[in-house]
Amino acid sequence: MRTLLFAFILFSFQVTIQAQMPTGMMGGARGAGGQAMNVGHFYGKIVDNKTNKAIEGVSVQLTGNKFDTVTKKMKETILSTQITKANGEFSIEGLSVIGKFNLKLSAIGYKSVINPISFGLKMPQGGAPTAASMQQMIAQADKDLGNIKMEANATDLGNVTVTSTAKPQFEMGIDRKVFNVDKNIMASGQTATEIMKNIPSLNVDIDGNVTMRNATPTIFIDNRPTTLTLDQIPADIIDKVELITNPSAKYDASGGNAGILNIVLKKNKKSGYNGGLRAGLDSRGKFNGGGDINLRQTKTNISLSGNLMQRKSISEGLADRNNLLTTPSFIQQVTNGTSYNNFGFLRGSVDWFINNRSTITIGGNFMKGSSTNDQDQRVDSTIKGLQTSYNLINGQSTGMMKNWGTQLSYKYNFVKTGRNLSADFNLNSSNNENTNNIITQTYNVDNSLKGAALKQRTIGGGDSKNYTFQTDYEDQLTEDSKFEAGARAAIRDFVNSSDQYRYILTDYFLIPSISSKYKFNDQVYAAYANYAFKKKKWSYQLGFRVESSNYTGTLLKQDGTDSASFNVKYPLSLFPSAFVTYKVNDKEDIQINYSRRVNRPNFFQLMPFPDYSDPQNINIGNANLKPEFTNSFEFSYNNAYKKGANFLATAYFKYSTNLITRYVYRDKNGLSPLDSAYFNTYINADNSITYGLELSNKVPVTKWWDLTVSFNLFDSKINSGIPNTTVDNSLLSWFAKMNNNFKIAKGLSVQFSGDYQAKTILPPGGSSGGGGGGRPGGMGGGMFGGGPQSTSQGYNFPRYGFDLAIRKEWTWKNGKSGSLSLSMNDVFRTQEFKTYSESIYFNQISSRRRDPQVLRLNFSYRFGKFDANLFKRKNTKADSGGGMDMMQQ
C-alpha cells in the first residue's frame with residue numbers, strides 16, 4: 001500500500017509540473033519524468049455504421065503534439081500507426097496520459113474519420129487522495145473508445161476500381177532514382193530488357209546487355225542479388241526500376257565503377273482478392289500470356305503469378321577484318337541467324353503477420369526455358385588483294401536453362417516507432433545445358449570443294465548457386481535522426497564444362513586438349529553502419545562498410561577430379577560513403593554524395609589456364625590481377641518546378657585505380673606449336689578517369705501530352721600501360737532519349753519514344769561486372785565472331801531508333817478493367833549496331849541488326865474485390881458491442 005501511495009504522490013507531482021506547461025505541449029511529454037507518465041492505453045473497435053460488422057484493414061493513426069527542441073515549437077507527431085485485424089480491433093499503449101490527441105481512421109471504400117480524443121484525467125478534489133480516487137485515476141489511463149463507426153463511401157464501394165491518382169513517372173530518393181514503369185505500353189508482353197531502353201542513364205545493346213554510365217551494373221530484384229538475366233524477367237510483373245548510381249555503405253561494394261540496377265516486382269497487399277490475366281501475339285506468330293492472383297485475409301497475404309513467353313529472333317551481321325601480320329590478309333564475314341526461345345516464369349510468396357510487430361515472408365520463383373538457334377555464315381578470305389577461298393559455315397544449337405530461388409525473411413517492429421530488426425536468407429540456383437554443332441566447308445574460288453568439311457560439336461553446361469545471409473537493424477533515434485547497421489555473407493558456387501568434339505571418319509570424338517571443366521567458390525563477408533540526421537534544411541547520411549573476400553578456382557579433369565587450382569584472398573577493405581542534401585524549398589533539392597567501391601576479378605579473368613574452344617581466339621586469365629577500386633562523386637539538383645513536372649541534373653566524377661582492361665597478344669598455339677594464335681587476356685591498367693553530366697526533364701506540355709527527355713554527356717580517359725601499346729581511349733560522347741505520352745481520348749493513349757547514341761568507346765573490361773542481361777542460347781563458333789574483339793581499343797558508331805505504341809483502356813461498372821495495346825519497335829528500321837575494334841595485330845568493323853519492326857498485340861484484364869469476409873465461413877453470431885457507441889461527430 002505504501003508503494004502504491006508513493007507512486008501516486010510521484011504521479012501527482014508530475015501532473016502538477018505538467019500543469020505549468022502550455023496545453024499543446026502535453027501530448028508528447030517525454031524525458032526522465034515523462035517516461036513514468038507513458039502508461040496510457042487507448043483501445044476500441046472499428047465497425048460499419050449500417051451493418052455493425054467489424055472492418056478489417058483500417059489504418060488507425062494516432063497523432064499528438066511534441067515539443068521540438070530545435071525549433072522550440074510544438075510539432076504534430078505520429079505516435080502510432082496500426083492496421084485492424086479481422087475483428088476490427090485496435091490497441092495503442094505506452095501513451096502519455098496528459099494532453100490531447102487526434103485519432104485518424106482510413107480504409108478503402110469508407111470515408112475517413114478524424115476524432116480528437118484524450119484521457120480526460122481529473123485530479124481528486126480536496127485533501128489527500130483516497131484509495132478510491134487513486135483507483136479512479138488509474139482506470140482513466142486505460143480508456144475504451146468503444147465501437148467507432150465508419151460510413152461507406154458511396155462512390156467507392158465493393159469492387160476494385162481504377163483511380164485517377166497515378167504514380168509519378170520519376171521519383172528521387174536520397175541514394176537512388178526511381179522510375180515507375182508499370183504503365184509502360186511498349187514493354188507489354190516483353191521482358192525487362194525492353195523496359196530498360198526507356199530508362200534515362202541506361203544503354204541497351206543489340207544482345208540485350210545493359211550498361212549504366214558505360215559500365216555493367218549489378219542486377220538486383222527487390223533489393224536482393226539474383227542469377228536471373230534481364231531477358232528472363234517478364235516486363236508485366238515489374239512495378240518500378242531503381243537506379244542506384246552511387247550505392248551507400250548499406251549495399252555491396254562490389255561492382256566497380258558501375259552501380260546497382262534494382263528491379264522492384266509488383267506485389268499487392270490489399271484486403272480481399274484481386275488479380276489479372278494477360279495474353280499477347282506478335283507479327284511472327286509468337287504468343288505470350290500470364291496471370292496473377294493475390295489474397296489478403298486476416299494474418300496472411302498470398303501472391304502468385306505466372307508467365308509464358310515465346311520469342312522468334314532474326315538477326316543479320318557483317319564483319320570486315322584486316323589482319324596486320326607479315327603477310328596482310330582481309331576476311332569478310334556475312335551472318336544470318338534465327339533463334340527460337342521459350343520460357344515460363346512462376347513466382348509466389350506468403351506473408352504471415354504473426355502479430356502487429358512480427359512478419360514472416362516465404363517466397364520463391366522458378367524459371368525454365370529452351371532455345372534453338374540456326375545460323376549461316378559466309379567467310380571470304382583475301383591475301384595480298386587476291387581471293388583465295390571462302391567458307392560456308394552452318395551452326396545449329398539447342399539449349400536448356402532453369403533458375404529457381406527462394407527467400408525466407410523475418411521482420412520485427414519494436415514498440416518504439418521506427419525501430420525494427422530484419423533477417424534474410426536467399427538462395428538462387430541456375431542450371432543450363434547446351435549443344436552446339438558447327439559444320440565448316442571450304443571452297444576454292446571456282447566453287448569446287450577444298451578438302452573435307454570440318455565438323456565440330458560442343459556439349460556444355462553449368463550450375464550456379466548463390467547463398468546470401470543478411471541481417472539489418474534500423475532505429476529512428478529521434479524525429480530527425482536514424483541509425484542503421486547490418487551484416488552480410490554471400491557465398492557463390494559455380495561449375496562449368498565445355499566438351500569439344502570433332503568428327504573423324506564415322507563419328508564424333510572428344511578432344512580433351514581443347515575441352516575444359518572448372519569450378520570456383522567465391523565468399524564475401526561484410527558489415528556496415530549508416531547514420532542519418534537532419535539540421536534544419538540540411539540532411540546527412542554517413543556510412544561505413546568493411547568487406548573481406550576469398551576466391552578459389554579449380555580446373556577439373558574429365559572425370560571431375562581436381563587438376564589444378566588457384567586461390568586469391570582479398571583482406572579487409574574499407575568503403576566509406578556520404579550523402580549531403582540541402583532542401584532549398586518544397587520543390588528544389590541539392591545533393592552531393594561520395595562512395596568507394598571495388599571490382600574484383602571474376603573467374604574467367606583470373607583463370608591462368610588457356611581455353612582452346614576457339615583455336616583462332618584463345619582465352620587465358622591472369623591470376624595476378626588486382627581488384628579495381630573506384631572513388632565516385634556525384635552532384636545532383638532536383639526541381640519539381642510545377643505540377644507534374646520534374647527536372648534533374650547530375651554531374652559525376654569517378655577515379656579508378658588498377659583498372660581491369662582487356663589485352664590481346666600473339667603467341668605460339670599450344671595445340672599446334674608451329675603456328676601462332678591470338679591470346680585474349682586481362683591486365684591492370686594504371687588508372688582511369690570518368691566524368692559526365694546527366695540531364696532529364698519531365699514536363700506536361702499540354703493536358704494531353706507528357707514529354708520526358710534526357711541527355712547524357714560523358715568522357716573517360718584510360719592510362720593503360722599495356723606492353724608495346726599506347727592506349728588513348730579518351731572520347732567525349734553523348735546519348736539522348738525521349739518519351740512522349742499522348743492522351744488522345746478517354747482511355748486512349750499513344751506512346752512514342754526514341755533514342756540517339758553518339759560515337760562511344762567500348763567498355764574497357766567487358767561485361768564482367770554483374771550480369772547486365774544478354775539473350776539466351778547465343779551461338780559461338782565461326783572464324784572470329786561478329787562483335788567487338790577483346791581489346792581495350794575501339795568504339796561504337798552512332799545509332800538511333802524509334803518505338804511506337806497505342807493503348808485503349810476500359811473500366812466497367814462492376815470495377816473490373818481491361819486494356820488492349822498495339823506496339824512496334826524500331827518503326828523506321830534505323831537501329832544498326834556498328835563497332836570498330838583494333839589491336840596491333842588487326843582492325844575490324846562489324847555491324848549487326850536484330851528484330852526490327854516487330855508488331856505486338858497485347859490484352860490485359862483486371863478483377864478483384866476488397867472484401868475479406870468473402871472467404872470466411874458464415875457466422876450467425878452477432879458481433880459483440882465491445883463498449884459504448886461513441887466518438888461519432
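**Salt bridges and their surroundings**

A: Arg311 is buried, at a relative accessible area of 13% (buried means under 20%, exposed over 50%, partly exposed in between, with a 1.4 Å probe and protein chains only). This is a predicted model: local features need pLDDT of at least 70 and side-chain atom pairs count only at pLDDT 80 or more, while totals for chains, interfaces and linings use all residues. Residues are numbered from 1 along each chain as its sequence is written, and side-chain values use heavy atoms, with hydrogens and water left out.

Glu194 is buried too, with a relative accessibility of 11%. Arg311 and Glu194 form a salt bridge, with 3.6 Å between the closest N and O atoms (a side-chain nitrogen of Lys or Arg within 4 Å of a carboxyl oxygen of Asp or Glu). Arg311 belongs to strand S18 (residues 300-323) and Glu194 to helix H4 (residues 192-196), so the bridge ties together parts 117 residues apart in sequence. Helices (H or I, at least four residues) and strands (E, at least two) are DSSP runs, numbered from the N terminus.

Now a second pair. Arg278 and Asp236 meet through their side chains in a salt bridge of 3.9 Å, N to O. Arg278 lies in strand S16 (residues 272-282), and Asp236 in the loop between strand S13 (224-225) and strand S14 (238-244). The two are 42 residues apart, and the pair links distant parts of the chain. Both Arg278 and Asp236 are buried.

Glu547 bridges to Arg545, the closest N and O atoms lying 2.8 Å apart. Glu547 counts as buried at 1% relative accessibility, and Arg545 is buried at 2%. Salt bridges with shared partners join Asp252, Arg488, Arg545, Glu547 and Arg600 into one network. The structure holds 23 salt bridges, and the pairs above are among them.

How far can the model be trusted? The average pLDDT is 81, and 82% of the residues score at least 70 (pLDDT is the predictor's confidence in each residue, from 0 to 100). pLDDT stays under 50 over residues 1-36. Residues 765-792 also stay under 50. Where pLDDT is low, predicted coordinates should not be read in detail.

Methods
Contact = heavy atoms within 4.5 Å.
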